[in-house]
Amino acid sequence: MTTVTTTTTTAAPAAAAPDPPQVRRRRRLSPGRRLPAARLLGPLVVLALWAAASAAGRLDPGAIPAPWTVVRTAGHLWTEGTLPTDVLTSLERAGYGFAIGLTAGVLLALASGLSRTGEALIDGTVQLNRAIPTLGLIPLFILWLGIGETFKVAIIAIVVYIPIYLNTHAALSGIDSRFVELAEVQGLSRLAFVRQVVIPGALPGFFVGLRLGVTGSWLGLVVLEQINATSGLGYLMFQAQNYGQSDVILVGLLIYGVFGLVSDSVVRLIERRVLSWRRTLSN
Amino acid sequence: MAPHTEQLTRPAVRLRGLTRSFGGRAVLDGIDLDLPAGQFTALLGHSGSGKSTLLRAVAGLDHGVAGSGRLTAPERVSVVFQDSRLLPWRRVLGNVLLGLDGKDAEERGRAALEEVGLKGRERAWPGELSGGEAQRAALARSLVREPELLLADEPFGALDALTRIRMHNLLRDLWKRHRPSVLLVTHDVDEAIVLADRVLVLENGRIGLDLTIDRPHPRSYREPVLGEYRERLLAALGVTEDHA
């Protein structure tokens, strides 16, 4: 390094030496700044294309009705039809199933993540349950619980609890051994260790499971309502299929989509609040 | 320089025939050692010489390691690790208070942070601290418990050279004020000479050299007398300095 400096200083008075090349910024390889409202942009483009194609008469209105037809149908169904009851019924099913699945997933994960006995009893059983496609349980559950609400809520709860259990359990048992050692050195009681070290450390994993669980609750709902229901959004869509009302089907899909998007955003928001300490790492 | 002779009579740590082995290989092979209360001791050794094994044994952290021997250590022991080991989900003050309760705990935590020069950073997240600041917070966490014995496992190993010198002064100051017994594990001969009043070299599972460094503090790396200590320690570690 020293030699380089000396040569430049001695060469400078010789005047004729060309200026050293200006430092050019390196080509940036990361994608750069986020666009504002980035997550809405794609859906808006799709909507615009749909509207344009409908207006140009390029779409068969029987197969894909125009966006404004869908909106009009939705308004009509809401004021004069059964849409409010259907939405409420669907929300209730998803809500109950989700609440039960969340509770079960967290409790089982805690029991199995915090004690070896619990792990021996629970983990293998849940892994077995996971290997069986939950929707394949529908016939058996109808036989056991009848075709009413109970079996629907039960299926949704199963769809929800599995990802929550898996991710929370993995996070609980993957707690950094260095932190365990620290807790021992600081003389933490077992309860304090669980509350102050294990659970906060497992929260990121829990939130991954929670988001999968929320999505799962809607997924289970759609399937259940389309095959075994006499009310709810899925039933509405199923009926519309019989009468060839594609606009009604689109209304149902739209509402499902909005539910999914809103619930996911809510979970994200809570996650950002609770895990605010993580933002310091990602920046 | 022997100011605390009355303290030195009662050993804080006593090891008798301490043996620890991994996979049938004795890493610590019958160690006898007394650490007087209030003494600042450094433990040197090659990597893999068993320094950390000894420290972890004294800290009571070696679960499931085969071994025998007698070991007594004080009630209140704090450990400083090479990494600061701050819980990323607790703010700095929360980390210092980990495992501490009582009404005046928070007050003591703030005082400890002030003492290590982190006043005003109580509400920061560990992710916002520099390496040196994080290690200061870790020091505050161990001091707030008023330990009789402070165990430090290469606490400055991950810091840059400038920060390390500052941390040396800080540790020495804190020791002077609180007078815990210190066992500092390091592989840095200069660090041991500058900081400690007694330097042990661990070799083949035993204490190969037990050297008292009777020089006033603060010491500089450049003191010629310290060079003699350095050569003796390096020789004990099997390193010969090349003066060519």
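Chain B has a radius of gyration of 18 Å, which agrees with the value near 18 Å that a compact globule of 244 residues would have. In this predicted model, the C-alpha atoms of chain B fill a box of roughly 50 × 45 × 40 Å along the principal axes. Buried residues make up 41% of the 244 residues of the chain. The contacts in chain B can be sorted by sequence separation: of those between residues at least 6 apart, 72% join residues at least 24 apart. The secondary structure of chain B consists of eight helices and nine strands.

The mean pLDDT of chain B is 88, and 94% of its residues score at least 70. Within the chain, helix H3 (residues 92-96) of chain B has the highest confidence, at a mean of 96, whereas helix H1 (residues 5-8) of chain B has the lowest, at 46. The pLDDT is below 50 over residues 1-8 of chain B, a stretch with nine contacts in the model beyond near neighbours in sequence. For the complex, the predictor gives an ipTM of 0.87 and a pTM of 0.79.

In chain A, attention turns to helix H5. Helix H5 (residues 116-131) of chain A comprises 16 residues and spans 22 Å from its first C-alpha to its last, close to the 22 Å expected at 1.5 Å a residue.

Notes: Residues numbered from 1 in each chain as written. Chains lettered and ligands numbered in written order. Predicted model: local features only at pLDDT ≥ 70, side-chain atom pairs only at ≥ 80, totals over all residues. pLDDT = per-residue confidence, 0-100. Helix = DSSP H or I, 4+ residues; strand = E, 2+ residues; numbered from the N terminus. Contact = placed C-beta atoms within 7 Å. Expected span 1.5 Å × (residues − 1). Rg over C-alpha atoms; globule rule 2.2 N^0.38 Å. Buried ≥ 20, exposed ≤ 12 C-beta atoms within 10 Å, placed from the backbone.
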